[in-house]
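Me: I'm new to reading protein structures. Can you walk me through pockets and cores?

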Amino acid sequence: MGTQTAQKQLYSVEEYLDLENSTNERHEYIHGSVIPMAGGSPRHNKIKVNFIIALGVALKDTSYQVFDSDQRLWIPANRTFTYPDVVVVREPILTADNDATAITNPTLIIEVLFEATRNYDRSQKFVTYRGIPSFQEYLLVEQNSVQIEQYAKQDDRHWLLAIHDDLNATLPLASIPVEIAIADLYHRVRF
């Protein structure tokens, strides 16, 4: 008697988009696999909102736009759809051929680290994002302490890492003309 192994269902891009457009839940799409998105904690969401507010004010009347985690991102080189916590895009906004609601040209991507996904955000997700030609900067933001990992693209093979952990310092962004007080990003966040 043989053993049966469960086979993971793979979806086409079209099947994924049909699923995504027919439900209120969000899913990432990675090489045919559909993965439900984890919900965020109040602390996670507060940090994300603080980033959106700070960036929105700083980039007002510029050629950059800020999007939250409802904005889908398509990475064709890796056949992946994701929903980053915060995305900054320089105009013009480019969208996917297969999905006019998914952007393809982010400059800055911010992920607030969540216990269940922190290793994925640091490793495979970063590798996936690096397949985007316009992508210049990646921020990984701790929600349980003051710490921001800033990866700034130097060239196609090199990224510079800076760690920011001083609540009284500022975060100078490398890809856009903005400097943000770290205290503003953690404003009203209780550890």
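Predicted model: local features only at pLDDT ≥ 70, side-chain atom pairs only at ≥ 80, totals over all residues.

Me: Which residues have the most contacts inside the largest nonpolar core?

Reply: A nonpolar core is a set of buried nonpolar residues joined through side-chain atoms within 4.5 Å. Here the largest one has 24 residues, and Phe-51 and Leu-55 have the most contacts inside it.

Me: Which elements supply at least two residues of this core?

Reply: Those are H2, strand E6 (86-90), E9, strand E10 (137-141) and helix H5 (182-185). H2 gives the most, with four residues. There's also a second, separate core of 15 residues, which includes Leu-73, Val-89, Leu-113 and Tyr-129.

Me: Okay, now pockets. How much space lies in the largest pocket?

Reply: The general idea is that rolling a probe the size of a water molecule over the atoms shows where empty space is left. In this model, the largest pocket holds about 360 Å³ of space. It is lined by 22 residues, and the closest to its centre are Met-37, Ala-38, His-44, Asp-85 and Thr-117.

Me: Which elements give two or more residues to that lining?

Reply: Strand E1 (27-30), strand E2 (33-36), helix H2 (42-58), strand E9 (106-112) and helix H3 (118-122) do. H2 provides the largest share of the lining, three residues.

Me: And how do the lining residues divide into nonpolar, polar and charged?

Reply: You'd find nine nonpolar, six polar and seven charged residues in the lining of the largest pocket.

Definitions and conventions. Residues numbered from 1 in each chain as written. Heavy atoms only, no water. 1 Å grid on protein atoms, 1.4 Å probe; cavity = no way out; pocket = protein on both sides within 12 Å on 5 of 7 lines; lining within 4 Å. Points joined across faces, edges and corners; volume = space filled by probe spheres on them. Nonpolar A, V, L, I, M, F, W, Y, C, P; charged D, E, K, R; others polar. Buried < 20%, exposed > 50% of the residue type's maximum accessible area, 1.4 Å probe, protein only.
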